[in-house]
Amino acid sequence: MNTTESERIRVQNILDAGKSIESRRKLGQFSTPYDLAEEIVRYGLEVYGGDRKDLCFLDPAIGTGAFFSALINNTEYSKAVGFEIDPHYGLPAADMWKDTNLKLFIEDFLSHSPTDEKYDFVICNPPCVRHHDIPAELKVKLCREIKERLGIVPSGLSGLYSHYVMAVDPWLKKDAVSGWLIPSEFMDVGYGKALKQYLLNKVDLIRIHRYDPNDLQFSDALVSSSVVWFKKSTPTEQDVLFTFGGTLSSPAYSKRIEKAALFDEAKWTRFPMNSVRARKSGPVLSDYFRVTRGVATGDNKFFIIDGVRIKDLGLPMDCFVPILPSPKKIKGDIVNRKDNGCPDTEDPQFLLNCELGLEEIRARYPCLWDYLKAGEGSTASRYLCSKRDIWYRQEKREPAPILYTYMTRTDGEKENNKARFILNRSSAIATNSFHLLYPTEQFYAKFGNDPRNIELAWKYLSNLSSEQICGEGRVYGGGLHKVEPRELSNVDVSGIEEYILCAHREEFSKDTLSAFRFIEAGAAQRTRSVSE
Ligand SMILES: C[S@@+](CC[C@H](N)C(=O)[O-])C[C@H]1O[C@@H](n2cnc3c(N)ncnc32)[C@H](O)[C@@H]1O
């Protein structure tokens with residue numbers, strides 16, 4: 001690393017320390033580590049290929065100039081331009097680079113109309129500002145401009161980075177090479193659709209390299225990042241190179257994916273680890289189970305209480321329903337029931353679930369009235385509670401026979417932290433730490449009313465591999481997987497019918513374990529102990 005770069009890093013650290021993390025978050029001010037910036041610029045130069053003397057570089061969110069620094073350390077160039085909205089970073093950067101011919105505008109790039117000057121090498125780590133932190137007028141303006149220029153309608157839920165990629169389009173020369181260090185989430189979520197449309201229809205997508213979320217590139221922002229490479233030219237039919245892990249020049253995994261397959265695939269993070277999936281023809285989970293989130297209470301500490309406390313406070317038990325503890329506290333994959341229907345777990349918990357109005361509560365249950373009054377100053381004003389007609393009224397949920405713990409770490413060491421299907425034999429409902437699976441009419445029509453079929457279905461689901469399930473979900477930084485109800489609903493369960501029917505053929509009432517032999521020996525990729 002040369003002295004200029006060491007100096008830039010020193011200044012960057014001082015500038016970062018001079019701002020609070022909250023204010024840096026508002027403008028997405030998390031700089032690119034130099035090694036990463038350099039490998040990105042080097043790879044971009046390989047793709048660029050042309051005569052570097054003519055190269056016109058643009059970083060529309062330049063910060064102190066990590067990419068510019070890497071550029072001048074690796075190539076000659078003709079012109080370089082950067083935009084930085086915040087003088088806190090922009091002024092020291094302008095001073096630092098004053099002896100180069102970088103033109104640094106301390107301006108809001110997004111309010112700058114595209115000029116006639118265009119660029120053929122654009123590298124950027126754009127501000128990753130969450131959609132709720134983007135001012136409403138800016139969001140409307142960006143969506144309108146993108147629609148007018150590209151005919152693409154971005155979702156209002158898109159993060160700023162996604163608008164940024166598309167806002168830069170008019171600044172690109174024909175055949176420009178562009179590389180974007182952005183969160184990987186756009187590849188899997190609904191609001192990533194507009195950016196994917198852009199990459200497939202408006203430019204020639206070349207490569208997406210996804211850094212391994214377990215190997216965080218950013219110390220101060222928990223994001224799993226990818227570098228997306230494209231050329232500003234009419235889309236070709238060239239395959240797109242998907243790589244994962246390691247570095248850009250030496251990825252741990254790689255696979256070329258036909259562009260046509262990307263139009264059909266909603267979850268691009270399945271590549272390169274998985275192949276293009278065959279079009280689903282068999283049943284998906286929602287054919288047999290309705291999947292819904294558990295109860296969002298608005299304040300678990302207030303609404304969920306243990307039996308001893310209910311007694312101590314003199315609260316009426318008939319205003320409470322049993323509720324499962326958090327997934328971490330559930331040992332094993334089966335929740336048995338006690339005689340009273342409560343879950344056979346340590347320290348059973350109950351959810352306050354009262355439909356009555358306050359006046360009626362006051363007359364019938366004065367202790368409960370006192371309890372609710374105490375919550376009026378705090379819990380009642382919380383977001384969810386304040387949106388309800390009666391702030392303490394909970395969403396209706398029936399006990400679900402199967403639950404899924406949907407948020408999990410792929411690198412989870414503790415068994416209880418892993419995603420799993422739980423068989424619930426109790427009458428407890430569950431919070432939104434779980435997804436709830438209720439058998440559909442079609443389930444009963446196909447398999448009949450024998451309650452053992454639910455247990456067989458649970459066993460079948462438990463034996464699905466995490467790829468079969470998480471291929472539908474999304475990966476966050478730190479190896480965190482999150483599967484939404486919609487995604488779980490879409491999991492392929494084409495083997496469930498054979499599994500259940502085969503178990504019956506094997507007379508599972510006589511010898512339950514033998515009925516499961518075939519699956520435990522074969523398709524089972526996740527081993528679960530059959531604890532009963
Ligand atoms: C993720 S940082 C990247 C900084 C630098 N390029 C790097 O890679 O280290 C994004 C930068 O964009 C700046 N920024 C945010 N919104 C901007 C805007 N509308 N116009 C120009 N710069 C902006 C932020 O202040 C921040 O310095």
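Modeller: Let me begin with helix H7, where eight of the eight residues are buried, so this helix is largely enclosed by the rest of the structure. Please keep in mind that this is a predicted model.

Biologist: Which residues of H7 are the buried ones?

Modeller: They are Leu160, Tyr161, Ser162, His163, Tyr164, Val165, Met166 and Ala167.

Biologist: Which residues touch the most other members in the largest nonpolar core?

Modeller: Those are Tyr198 and Leu199, in a core that counts 47 residues. Helix H7, spanning residues 160-167, gives the most to this core, with six residues.

Biologist: What does Tyr198 touch, if you skip residues up to four places away in sequence?

Modeller: With those set aside, Tyr198 touches Leu150, Ile152, Val165, Met166, Asp169, Leu172, Val203 and Phe230. There is also a second, separate core of 35 residues, and among its members are Ala37, Ala66, Leu71 and Phe121. As background, nonpolar side chains in soluble globular proteins tend to be buried together.

Biologist: Changing topic to the ligand, how many residues surround it, and which are the closest?

Modeller: The ligand is surrounded by 24 residues, and the closest are Gln29, Thr32, Ala61, Glu84 and Asp108. By type, the shell around the ligand divides into 14 nonpolar residues, six polar ones and four charged ones.

Biologist: What distances do you get between Thr32, Ile85 or Phe109 and atoms of the ligand?

Modeller: For Thr32, a polar side-chain atom lies 2.4 Å from an oxygen atom of the ligand. Ile85 comes in through its backbone, with an N or O atom 3.1 Å from a nitrogen atom of the ligand, and Phe109 has a polar backbone atom that is 2.9 Å from a nitrogen atom of the ligand. As for cover, the ligand taken alone exposes 590 Å², and the protein buries 97% of that.

Biologist: Now Gln12, please. Where is Gln12 placed, and is it buried or exposed?

Modeller: Gln12 sits in helix H1, which runs over residues 3-17, and with a relative accessibility of 6% it counts as buried, the cut-off for that being under 20%.

Biologist: So what is Gln12 in contact with, apart from its neighbours within four places in sequence?

Modeller: Apart from those neighbours, Gln12 is in contact with Ser31, Thr64 and Tyr89. With Thr64 there is a polar contact from side chain to side chain, at 2.5 Å.

Biologist: Which residues other than glycine have a positive phi, then?

Modeller: Asp175 is one of them, with phi near 70 degrees, and Asp347 is another, with phi near 55 degrees. Asp175 lies in strand E5 and is partly exposed, with a relative accessible area of 38%. Asp347 lies in the loop between strand E13 (334-335) and strand E14 (349-352), and at 47% relative accessibility it also counts as partly exposed.

Biologist: Going back to Phe271, how far is it from Leu241 in sequence and in space?

Modeller: Leu241 and Phe271 are 30 residues apart in sequence, and their C-alpha atoms are 9.2 Å apart in space. Leu241 lies in strand E8, residues 240-246, and counts as buried at 17% relative accessibility. Leaving out neighbours within four places in sequence, its contacts are Ile206, Arg207, Ile208, Ser254, Lys255 and Arg256.

Biologist: Finally, the whole chain: how many helices and strands, and what share of residues is buried?

Modeller: The chain has 22 helices and 20 strands, and buried residues make up 53% of its 532 residues. Of the contacts with a separation of 6 or more, 73% are between residues 24 or more positions apart. The accessible surface of the chain comes to about 24600 Å², with 49% of it belonging to carbon and sulfur atoms.

Terms used. Residues are numbered from 1 along each chain as its sequence is written. This is a predicted model: local features need pLDDT of at least 70, side-chain atom pairs count only at pLDDT 80 or more; totals for chains, interfaces and linings use all residues. Side-chain values use heavy atoms; hydrogens and water are left out. A nonpolar core is a set of buried Ala, Val, Leu, Ile, Met, Phe, Trp, Tyr and Cys residues joined through side-chain atoms within 4.5 Å. Buried means under 20% relative accessible area, exposed over 50%, partly exposed in between (1.4 Å probe, protein chains only). Helices (H or I, at least four residues) and strands (E, at least two) are DSSP runs, numbered from the N terminus. Contact means heavy atoms within 4.5 Å. A residue is near a molecule or strand if one of its heavy atoms lies within 4 Å of it. A polar contact is a pair of N or O atoms within 3.5 Å; within protein, one must be able to donate a hydrogen and the other to accept it, and residues adjacent in sequence count only if both atoms are side-chain atoms. Accessible areas come from the Shrake-Rupley method with a 1.4 Å probe; for residues, only the protein chains shown count as cover. Ala, Val, Leu, Ile, Met, Phe, Trp, Tyr, Cys and Pro count as nonpolar, Asp, Glu, Lys and Arg as charged, and the others, Gly among them, as polar.
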